[in-house]
Amino acid sequence: MAVDKTIRILVVDDQDAALELMRDFLRQFGFRNIEMANSAITALQKLREFKGDVGLILSDWNMHSVSGLQLLQAIRKEPGYDKTPFIMITGEASRDRIEAALKAGVTSYIAKPFSLDALKKRLVGILGEF
């Protein structure tokens, strides 16, 4: 079964350059319905606005005010998002961090810096071949 490339993807990072890079990567894979949020607060607002209609979330761990882990914990409590695939992006892939993210319900994680191929492998593992 082919991956639905029209799914809404939410990318969360407090660095504009990182948001643009991720959008460019996702577009190279053929995804077009990409929403971006520059904070966890904005991400939660968008999720509530979309009422369960987000098929994938990619979030940086280290953000100002609210971390990616705190965002993940909040998302897992939101109606319609308890099982939504969530990929954590982090520059610090320590065992403690990975365990905390797994406990909070992360689907996968990817360590910075990462390549286009590494991201594609993660996405294929979650969404299926595309």
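Residues are numbered from 1 along each chain as its sequence is written, and side-chain values rest on heavy atoms, with hydrogens and water left out. Because the model is predicted, local features need pLDDT of at least 70 and side-chain atom pairs count only at pLDDT 80 or more, while totals for chains, interfaces and linings use all residues.

Rolling a probe the size of a water molecule over the atoms shows where empty space is left. A cavity is here a set of points, on a 1 Å grid over the protein atoms alone, where a 1.4 Å probe fits but cannot get out; lining residues have an atom within 4 Å of a point. Grid points are joined across faces, edges and corners, and a volume is the space filled by probe spheres set on the points. One cavity of 30 Å³ or more is present, and the volume of the largest cavity is about 40 Å³. Its lining consists of Trp61, Met88, Thr90, Glu92, Ala93, Ser94, Arg97, Ile98, Ala101 and Tyr109. Two or more of these residues come from each of β4 (86-90) and α4 (95-104), where helices (H or I, at least four residues) and strands (E, at least two) are DSSP runs numbered from the N terminus. The largest contribution is that of α4, with three residues. By class, the lining has six nonpolar, two polar and two charged residues (nonpolar: Ala, Val, Leu, Ile, Met, Phe, Trp, Tyr, Cys and Pro; charged: Asp, Glu, Lys and Arg; polar: the others, Gly among them).

Arginine 97, one of the lining residues, is placed in helix α4. Arginine 97 counts as buried at 19% relative accessibility (buried means under 20% relative accessible area, exposed over 50%, partly exposed in between; 1.4 Å probe, protein chains only). Its side chain is joined to that of asparagine 62 by a polar contact of 3.4 Å (a pair of N or O atoms within 3.5 Å; within protein, one must be able to donate a hydrogen and the other to accept it, and residues adjacent in sequence count only if both atoms are side-chain atoms).

Six salt bridges are counted, each being a side-chain nitrogen of Lys or Arg within 4 Å of a carboxyl oxygen of Asp or Glu. One of them pairs glutamate 35 with lysine 46, with the closest N and O atoms 3.3 Å apart. Glutamate 35 belongs to strand β2 (residues 34-37) and lysine 46 to helix α2 (residues 40-50), so the pair ties together parts 11 residues apart in sequence. Lysine 46 is buried, at 18% relative accessibility.

Another salt bridge joins arginine 48 and glutamate 78 (2.8 Å, N to O). Arginine 48 lies in helix α2 and glutamate 78 in the loop between α3 (68-75) and β4, so parts 30 residues apart in sequence are tied together. Arginine 48 is partly exposed at 46%, whereas glutamate 78 is buried at 14%.

Aspartate 60 and lysine 112 also form a salt bridge (3.1 Å, N to O). This pair links distant parts of the chain, 52 residues apart: strand β3 (residues 56-60) and the loop between β5 (108-111) and α5 (116-127). Aspartate 60 is buried at 5% relative accessibility, and lysine 112 is partly exposed at 36%.

Just after α5, glycine 128 takes a positive phi of about 105 degrees.

Conventions: On a 1 Å grid over the protein atoms alone, a cavity is a set of points where a 1.4 Å probe fits but cannot get out, and a pocket is an open set with protein on both sides within 12 Å along at least five of seven lines; lining residues have an atom within 4 Å of a point.
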